[in-house]
Amino acid sequence: MSGRARKPNWEKAIDEASLSWNTSVPNQETCWRWSNPSGVLCSRKLVLFAFLISLSGPHAFLLPRPKYFQSSLREQRKAGIYLFASIPHRSFGSQTASGQLTCDHDIPTHVGFICDGNSRWAKKRHLPTSAGHVAGADRFVELLEVLRADGIQYCTFYGFSTENWNRPKDEIEAIFQLMECTARTLLNRLRHDSFSFGIRLLGDLRDDRIPQSLKDTLEEIQQTAEHLEGKKTNTTLSGKLTICLAVNYGGRQDILGAAKKIADAVARGEILDSADVTESLFESYLWTAGIPDPDMIIRTSGESRLSNFLLWNCAYSEIFVSSSLWPDFDLDCWKESLVWYQQRHRRFGSRFHTNDTKSCEVSRAN
């Protein structure tokens with residue numbers, strides 16, 4: 001063996017990483033990722049650092065294509081560098097929770113997720129906040145297949161709230177880049193028929209602060225899902241999962257927006273009598289129109305508040321608080337939440353306990 005250490009071929013490694021992003025390679029521990037390569041820059045030293053770390057085990061990186069390596073450090077700082085190695089988090093694997101439950105028939109129709117704890121997850125590991133958001137995005141993608149297999153029909157994820165605009169600009173940019181990357185992952189899975197799902201977008205996506213590329217990607221995935229749903233009629237789609245993405249969403253803003261739309265309808269003469277304004281009519285003006293109310297809302301990181309999430313819809317939702325940070329919300333946590341849900345006595349204001357949660361919630365949406 002030569003006494004001189006062999007220099008790692010970092011350019012080849014990163015080029016392969018760029019070409020194989022968001023793919024799953026069996027028996028490959030290192031997972032390379034990048035988001036929005038036209039806006040993410042990196043230096044040679046940082047790329048070399050990432051490559052060396054990758055040799056030590058499973059990590060996740062957010063990296064650009066090689067053609068952006070030559071940018072100056074000043075330009076890189078201005079654009080923002082999102083390069084990190086995230087410590088591996090617990091994986092769901094290929095299991096489901098429904099086979100381990102005490103009552104298989106009492107599965108919630110709609111589950112809402114307040115995905116809290118990404119920043120704290122990263123801080124505990126001395127990583128940038130962006131690392132926590134990447135780990136959280138991975139958890140989101142992994143969870144979808146489990147939800148579908150367990151018979152969940154609707155799931156709503158609190159991706160970005162109207163209050164999140166108060167966060168640092170760099171963090172907001174990283175969240176949107178990662179959101180676009182994740183949306184394209186879902187779009188690829190949808191097109192390649194790995195599993196079918198519906199998409200609903202909740203929130204004010206007309207906001208000019210949201211990158212146009214993200215808006216276009218979200219709209220594309222929604223249109224693709226609707227198109228494929230119209231083409232496929234086989235029975236395997238009977239248990240299709242509808243994914244509701246709450247982006248620039250706020251429960252108060254949703255209610256206020258519905259009230260304004262009704263006021264406009266009154267001004268146009270479309271609503272003539274106040275008696276015509278019923279719960280059903282009001283719900284039809286919400287972003288969540290046509291979606292059943294959530295049977296259960298799961299909040300991670302141990303926080304016991306709704307944070308402006310689905311305020312109109314959660315009147316009779318069971319709220320499960322998990323002490324796990326969102327990137328650590330694994331199969332055991334999911335199973336724990338379902339077992340807890342099945343032990344709840346849902347009376348909906350009556351004196352009698354009923355397990356018929358689905359009919360009650362679905363009827364309000366129809």
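## Helix α10 and the strands under it

Helix α10 (residues 331–342) lies across β3 (110–114), β7 (296–299) and β8, running at about 140 degrees to β7. Contact here means heavy atoms within 4.5 Å. Axes are lines fitted to C-alpha atoms, for helices over the stretch in contact, with angles from 0 to 180 degrees between N-to-C directions. Helices (H or I, at least four residues) and strands (E, at least two) are DSSP runs, numbered from the N terminus.

Keep in mind that this is a predicted model: local features need pLDDT of at least 70, side-chain atom pairs count only at pLDDT 80 or more, and totals for chains, interfaces and linings use all residues. Residues are numbered from 1 along each chain as its sequence is written, and side-chain values use heavy atoms, with hydrogens and water left out.

## The sheet

Six strands make up an open sheet with parallel pairing, in the order β5-β6-β4-β3-β7-β8. At the edges sit β5 (197–202) and β8 (318–321), each pairing on one side only. On average, neighbouring strands of this sheet are turned by 20 degrees against each other, direction ignored.

Take β4 (residues 154–161) and β6 (residues 241–249): they run parallel and are joined by seven bridges. For two strands to pair, DSSP has to find at least two bridges between them. Threonine 156 has cysteine 244 in β6 as its bridge partner.

## Aromatic pairs

The whole structure holds 15 aromatic pairs. Rings of Phe, Tyr and Trp (its six-membered ring) pair if their centres lie within 6.5 Å; planes under 30 degrees apart count as stacked, over 60 as edge-to-face and the rest as tilted. Phenylalanine 113 and tryptophan 334 are a tilted pair, because their ring centres are 6.2 Å apart and their planes at 40 degrees.

Tyrosine 158 and tyrosine 249 pair edge-to-face, at 6.1 Å centre to centre and 75 degrees between the planes. Tyrosine 158 is in strand β4 and tyrosine 249 in strand β6, so this pair ties together parts 91 residues apart in sequence. Tyrosine 158 and tyrosine 249 are both buried.

## Serine 317

You'll find serine 317 in the loop between β7 and β8. Leaving out residues up to four places away in sequence, serine 317 touches Pro294, Asp295, Ile297 and Arg346.

Key: Buried < 20%, exposed > 50% of the residue type's maximum accessible area, 1.4 Å probe, protein only.
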